[in-house]
Amino acid sequence: MVVAAAASATAQQPAPRALTTPDGSRFVLLPVPGAPPVVSWLIVTPAGPAEDPDGLEGLALAVARASMAGTARVGSRNRATEEDLLARIEENERRRTLLRGAGQQVPEALINSLRSDASQADAVADRLAWERALRQVPALPSRLQRTDHTTLLQLSAPVAGLGRVAALLLARREEPILRGIHDELRGARAELLAVATEDPWTPLRDEIRSLAFGAHAAGRPSITEVEGFRPLSRALALEVFERTQRPERSLHVLTGGFDAEMVAAVLVQAFARSALSVDPFVPSPAPPAPRARTSRLTGGAVTGIAVACRVPVDLDPDAVMLAMTWLAGGDESFLSRRLFAHGMRVGQLRGTYPFGGLRDSALALVEVGADERDTRDGQRAERLFVEVDAALAAAAAEPPLPAELATARGLLAAQRAAQRSTPQGLCLYVALRCARFGMTPEQVLRSLETVDDAAVFRALQEMLEPERRVRVTQEKKS
Amino acid sequence: MSRGRRRAAWLLGFVAAASCVWDDAVVETRPVSGERPAEEVAADREQAVEPFVVPPPPAPPAGAAETPPAATSTGATVEEAVPPPGPLGDAGQDVAVPAAQVAMLDGGLLVVAPSRAPGFAGAPGLLRLTLPVGLRAGKPGLAELAAEVAVDLKLPTRPGGSLRGALARIGASIEVRVARAATSLDVAFPAGRYREVLELLASYLVQPLDPAVPAETFDALRVGLAARLGREWLRAPMSAMVDRMRTGRTRALADVISQISLRTAAEVAVFQRAHYLAPGCVLAMWVPGATQADLVIGVAASMPPWLDARKGAGLMPLLTPPPAQTGVFWAPYEGPVQVAVFVPQPSLDQPLAAEMLVLLECLTHDGLAGRLGLALEGLVGRDVSFDLLSPGETDQIALVARADEKVVVPLWEAVSQVLGSFRTRPPADAELRDAAARARFRLMEEVSRPDGWLRLVSRLAYRRATPDVLAKTLARLAVPSKLELEAAVPLFADTPVALAVVGGEPPVQAPRLVQLMTDGVLPRARAGQLVPPGDLRDSRKEAERYMATAVDAFGGKDALRELHGYREVVVSDTGVGPSVETTTWFRDDGRLRQEIRILATTVTATIDTSGGVETSQGRREPVAVDEARSRLTAAARHPSMLVARFARGETEFRLLTLRVVAGREQAVLEEIGGGPDTVRLTLDTQVGLVRALEVRTWNPEVGAIVVREEFSDYRTIGGLVRAPFLRTRSLDEGEPTHALRTLEFDAAAPTDEALK
């Protein structure tokens, strides 16, 4: 039977529901009454430099990807043989990495042995088993995506199949075998390397991270080689998997035409315990306190400057985002207008927040590139530096005009409307904000009109304090 | 054509690009497996991210048609290994589908909306305005450029600069797509501001482009569009290929870009005036909290004067999908080989829609197994998964996978066999139940998304379908035993499919099967087959006009018709080493003699199409057939000979583009059907002389080779034919490496004696 839903939908919408299941997993449920019984499910888990061991950057992403190729129980045609082969691969990969690190030629026999073992390991595995089981729910194909600092696993399934999906997700989390982890690591690193190589602003961003976070893992520069210098053991990979995928570090967001109470009951039953969280989670040490630092680079592909400000933890993220939009969001932004008024030709203006990946030490980053058409040689970066520095001081001195803030609100609201226009986009939007800032779903979904102008000005004043700023200039060689 | 939702639109401001973004907030995925992200990261720092595709391991091919349960180490099935927890009720026989309600306004605009749209608190509203004009309308590139202008052309006299800018001021974002037969504008906005959105849309649509727009403003937009199309190909060739195939753009991308660069502001203005009219458009809206009646009133109140009732309701155009292309389309490319199988997406208004959807699921099984996947597994000997790309604005789904180029032709043959298998082996009960459940869920998932719902109802409106077909199809899929598969199978088995390949090289033994798709640096195009006949006709005509000038400039038709060969003495200098003097006797019946003198050494070559011999200092060496043909072809490409061949009607050209170089207009013409290489002439349109000749050759061993010669110092020979006496030659678009000076040129075919 199919019935039209129009009459059943009401303007009165239920509030989002947040819950923590017995194993420590955090959930946000966003029911949409009147919508078809389809659930969009997104799981965000941490990844990125802060989670990666030295010399194995990209590993947190790689383990998440490797976990999609089936579990220890689901996806092995011969467990004992597969384990033997994986152990041989690990040992040969270790030798290969050590030889490469020592600058020695990797023997052909070793390479052939790796190929042969990998081929045999593939033959005794059924890497598509987990995905196949998911589709029998029936669910749409899963998608594992990434941001700079997270991995995102996204699914769509019928509400009636939610329990089955939960069981499969649990199997993936609790029984990792990490098939093909070495290849996944190479793939992840190749991807990160390509992104870093293609972005001409990478040197400035690396320097900003280094100045802001020092020797902390978040301060590491972008990788420059696909092959890491450190051998990867499966034990270490599993350790990183456990650290990043453990229940209390993941956030699940579900939306669709379901009853929140009913779904909550299923989730509480399914996510009851985890072997990953037997030991308490020990967070990474915080990076050093912010202090003003400046660096000047020469060479590179662009002439420009990057200024990053450590954002105080107690500031409202929406107020900071509005402040950044007003400051550097488009050609009607404060910086754009001010630099133009001062005769500066600007090629690129970009504001980024949060930058740096750490929840309590996020940066707000402003990047200003010189106009490539400006052929005046010499001190373009230095002139930008002086002008932008003065502009940031001016931005913190006077409150923004209400009309200017209204424009910024419009721009930001437009971005958000687009992001939230699909169930998948909504999950992503809510998940990332809840995960990054510890915001409640209600806070995440509130209107920008509730953020008053005074809060925006306060955000500008606090984050633009000179002692919070790190600055990098780069003058391109002519 | 589609664009990122928040692409920076500051092309014309003093800031080249400006944005404010969340560092890691929004994630886009690659559209097809194995490709680099398509979106420009710098635009808004949306980190492009790869969806995970499980690498296919080697495994014995499965023979069964039904998806086998996944094996575990203990021999148990996945169901046993992972028992499902907790009940959540039945699969839900009562499916709530937002029912579409339709209203036709006096101005001929069809408004479709759910009686009340569901949405979470604070959910944005969405609308889709579909204009029944697409890529097939007007001159090539015009529809895309007109859409770009409508949304992004920035003028200081307009509030917000552009439609995008004006919408952003009220918290709305816009995305534009141009498909084969329709242009759609998708707007997301704060639900309470739908009237302002409608007012803005109407105010921009009612006002077509002013042809007097500043040239630099229009050019910036035009160049931006062309550059984006080029970037899309470079960054994600398979995605671009899928887009091209589904929009029917089989012409070379370089040609598309060239056509866009030829379009003028006046053409765009005329196009918009003719096509951007309310009658015949469909406005589908999804605004949580608003009823359909509210929305209809809002449209009627907010959209005049675009809704001009005086123009009458007009007829709603019937947008039927054009016949699907079939065959194998191959774009050689340096990179991993990817294959896309295109299958038509059943339309919900066709009589056996539910059955066709089920059979499609049996075929594809969401890209994992299914009859097609099993066939491919049989070919490659291991499990294979496809990325399934939903049809979006088009009528075809695409299944994309990495594959070895050797399996392409067998796969193409296997696809026909798989489709035929439905006649001999209709889906068994388990396969049918599984496919019906999947088809039902896939449809339900689409209508559960506001954007999916809007897309479906807009398409149904243009197909004259009643909105309840959605609910009816879902209901039929819920009872697979009542599906009329016997009636649907013959239709489905005749489904026209196509295969597209990016990467690798097509097998030499299948030249008739494979159509080459070329782009940019890629090898030659078989222009006659790849360019739509209408467009080809136009560009041929234009080329003929320019070539007629060339015929006059090179000595006139009568003289050129008699030109069947020549003798030329050329000194070649590279600046390094000794000069080389070459005397060439060439006759266009395929005979050539060359004497090459370097210092005291002379090499004489006597060549015809079957090979030849080189003689030097008493030694004789055979010339291979390939080498002989290559030298004959090069000799035949003397500018005078090319123009002579055209004068005799032995070859044809088409116009690619017009350029202005150093204040003089030049036409770039491409030879049609002139052989395996791509030959382009650059012609001075004022004097009709050939200024450059570019030959692109594809060599399987070394890739593309581009030889460019530039000509000058034209002299008249014997009062009849003109020929260049100076030329420079460059390789692979580098600096000129050879300077060639003609000492003598006889415009007459050499005798048999001279050719010995």
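The model is predicted, so local features need pLDDT of at least 70 and side-chain atom pairs pLDDT 80 or more, while totals for chains, interfaces and linings use all residues. Residues are numbered from 1 along each chain as its sequence is written, and chains are lettered from A in the order in which they are written.

Chain A contains 16 helices and 12 strands, taken as DSSP runs (H or I, at least four residues, for helices; E, at least two, for strands) and numbered from the N terminus. For 478 residues a compact globule would have a radius of gyration near 23 Å, and the 25 Å of chain A agrees with this; the radius is taken over C-alpha atoms, and the rule is 2.2 Å times the number of residues to the power 0.38. Along the principal axes, the C-alpha atoms of chain A fill a box of roughly 70 × 70 × 40 Å. Of the 478 residues, 58% are buried (20 or more other C-beta atoms within 10 Å of the residue's own, with C-beta atoms placed from the backbone).

Helices α5 (residues 162–174) and α9 (residues 260–270) of chain A pack at about 30 degrees with axes 10 Å apart; axes are lines fitted to C-alpha atoms over the stretch in contact, and angles run from 0 to 180 degrees between N-to-C directions. α5(A) and α9(A) are therefore roughly parallel (under 35 degrees). Contacts (C-beta atoms, placed from the backbone, within 7 Å) involve A:Leu162, A:Gly163, A:Ala166, A:Ala167 and A:Leu170 of α5(A), and A:Val263, A:Val266, A:Leu267 and A:Ala270 of α9(A).

Terms used: Parallel < 35°, antiparallel > 145°, perpendicular 65-115°, else oblique. Contact = placed C-beta atoms within 7 Å. Buried ≥ 20, exposed ≤ 12 C-beta atoms within 10 Å, placed from the backbone.
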